[in-house]
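Look at the model first, then read the points below.

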Amino acid sequence: MKVTGVLPLFLPLYRRLWPGRLVELSMALLKATALEAAILAGHLLLYPTGLTQERRSPALPCGDGATRLPGRPGPPVVLLHGFIDNRSVFVLLRRNLVRNGRQRVESLNYSPLTCDIRTAAELLGRHVEEICERTGNSQVDIVGHSLGGLIARYYVQCLSGDLRVRTLVTLGTPHSGTRAVPLASAHPIVRQMRPGSEVIEELTRPAPGCRTRFVSFWSDLDSVMDPLETACIDHPDLDALNVRVTGIGHLALPVHPAVAAGIRDALDNTLPEEPVSDGLTVA
């Protein structure tokens, strides 16, 4: 796959960065674009393996014979993919979490025909209840990529999911709505991800007493977020930490090992209460 085939996705980002630090950032942007192209090519190969739901068990093994660290205390981790995707996007992250002591990690699929975030959030709630009943845990942690993070946030904030979700980690999620890829607005769920949609407006409403802790990873080279800061959570009632990731794009967020380390820290509640310096630099 040619890198030039992905460059058009980043042209809006070039325009947003012009003028100023364009010369300084151009090399980083080219590196991020090349990485996005490589990840996309690899993900297309893995995509068929994630079309079906994974088999459920009380404790899911690593499956690759790798040595794992002793188990860490904590609830099961639920991984939720983004738009027109499936659980295969989390192959590397899931392996990373299991190797580092997370004994229960489950990836959920929702139908590619899903047309409503609210419906998907209700389905997520049923999955979470089943996981809690099967594993004997009263709570779960959720990691959501892109749309998956928005579905999980709606479940937590609007469907009383804060009773079940201890920590919600989002990766490149349009919390305030994104204007990127305007032609995709033909799809109803994309329209719900636009600024000012009913779903986005519902998420701005008061949420007093919300029990869930939120950690949002957002990238300064994410071509799917317009504006970039839409991937940050800004709500007075939510316990939220925004972590800026420098040097990678949208597809790399659930794949890059440095981000995986940050996710582990977030789930272990070892991230600082306030972002440090410029956040997480991975390039």
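A residue is called buried if its relative accessible area is under 20%, exposed if it is over 50%, and partly exposed in between, using a 1.4 Å probe and protein chains only. Helices (H or I, at least four residues) and strands (E, at least two) are DSSP runs, numbered from the N terminus. This is a predicted model, in which local features need pLDDT of at least 70 and side-chain atom pairs count only at pLDDT 80 or more, while totals for chains, interfaces and linings use all residues. Residues are numbered from 1 along each chain as its sequence is written, and side-chain values use heavy atoms, with hydrogens and water left out.

**Strand 3**

- Six of the six residues of strand 3 are buried, so the strand is largely enclosed by the rest of the structure.
- In a regular strand, side chains alternate between the two faces of the sheet.
- In strand 3, Val140, Ile142 and Gly144 point one way, Asp141, Val143 and His145 point the other way, and all are buried.
- Strand 3 pairs with strand 1 in the parallel sense over four bridges (two strands pair if DSSP finds at least two bridges between them).
- Glycine 144 of strand 3 is the bridge partner of leucine 80.
- Strand 3 also runs parallel to strand 4 (residues 165-171), and five bridges join them.
- Histidine 145 stands opposite leucine 171 in strand 4.

**Helix 4**

- Helix 4 spans residues 117-135, and its 19 residues reach 26 Å from first C-alpha to last, close to the 27 Å expected at 1.5 Å a residue (the expected span is 1.5 Å times one less than the number of residues).
- Its buried residues include Ile117, Leu124, Val128 and Ile131.
- Seen down the axis of helix 4, the buried residues fall within an arc of 150°, so they line one face of the helix (the arc is that of the directions from the helix axis to the C-beta atoms).
- On the other side of helix 4, Arg126 and Glu133 are exposed.
- Just after helix 4, glycine 136 takes a positive phi of about 80°.

**Aspartate 116**

- Aspartate 116 lies in the loop between strand 2 and helix 4.
- Leaving aside residues up to four places away in sequence, aspartate 116 touches Ile189 and Gln192 (contact means heavy atoms within 4.5 Å).
- The side chain of aspartate 116 reaches the backbone nitrogen of threonine 119 at 3.0 Å.

Terms used: A polar contact is a pair of N or O atoms within 3.5 Å; within protein, one must be able to donate a hydrogen and the other to accept it, and residues adjacent in sequence count only if both atoms are side-chain atoms.
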